[in-house]
Amino acid sequence: MRSVLKVNWDSNLPIYAISQSELQKKGIKCILLDVDGTLVNRKSTNISKDVKNWIIESKKIFSLYLISNNPSKKRISEIAKELNLRYKYNASKPRKKVTLNAIKEVKYEVKDIAIIGDRIFTDIIVGNRCNINTILVKRLNRDGLPIKFNLTLAIEKLISIFIK
Ligand SMILES: [Mg+2]
């Protein structure tokens, strides 16, 4: 189990604080982005200015692609439209199929691709199963700020210790 749970970069930062030059240093050219919790709070469609600016700056350097487990095409397509990004909804992470389709579409080598997400058991596991880089970020609240205590992640990390 160890390999699929491995986080290449456990940033402890919200996405908008992830440095683009740091990503470049790691050789990243293409980023698959989780949506709920990573770019927006899962109960909100309001994309904060910080996140929008991060996306605008990142687009100048990287190829970006949204990959969400949310089953609502309406929600994810609206967010994708606002950010002008390609997307997949209902991606069933940690299952590989949809993520592999996105990887095929972007046409980058797996070593040049990273997935950024707020959960180990979906985003990180699917990233490892697809042999791409994995980056964990802090979950966002309704105000677009990182939540102080992420119970889901704490439980996932605790379980990870036992299944290693
Ligand atoms: Mg998420």
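How many bridges join strand 3 to strand 4? Keep that in mind as you look around this predicted model.

Select strand 3 (63-67) and strand 4 (residues 86-88). Three bridges join them, and the two strands run parallel.

Strand 2 pairs with strand 3 over four bridges, in the parallel sense. Here Cys30 has Ser63 of strand 3 as its bridge partner. The chain goes from strand 2 to strand 3 by way of helix 3 (residues 49-59), in a β-α-β crossover that is right-handed.

**Second stop: the core.** Select Ile31, Leu32, Leu33, Ala114 and Ile116, which touch the most other members of the 37-residue largest nonpolar core. Then click on Leu32: leaving out residues up to four places away in sequence, Leu32 touches Tyr65, Ile67, Thr99, Ala102, Ile113 and Ile115.

**Last stop: helix 5.** Which residues of helix 5 are buried? Colour Thr99, Ala102 and Ile103 to see them. They lie on the same side of helix 5 because they cover an arc of only 100° around the axis. The buried residues of helix 5 pack against strand 2, strand 3, strand 4, strand 5 and helix 6. Turn to the other side of helix 5 and you will find Lys97, Asn101, Lys104 and Glu105 exposed. Finish at Lys107, which follows helix 5 and has a positive phi, near 60°.

Definitions and conventions. Residues numbered from 1 in each chain as written. Predicted model: local features only at pLDDT ≥ 70, side-chain atom pairs only at ≥ 80, totals over all residues. Core = buried A, V, L, I, M, F, W, Y, C linked by C-beta atoms within 7 Å. Buried ≥ 20, exposed ≤ 12 C-beta atoms within 10 Å, placed from the backbone. Contact = placed C-beta atoms within 7 Å. Pairing = 2+ DSSP bridges. Right-handed = clockwise from strand over helix to strand, strands pointing away. Arc of directions from axis to C-beta.
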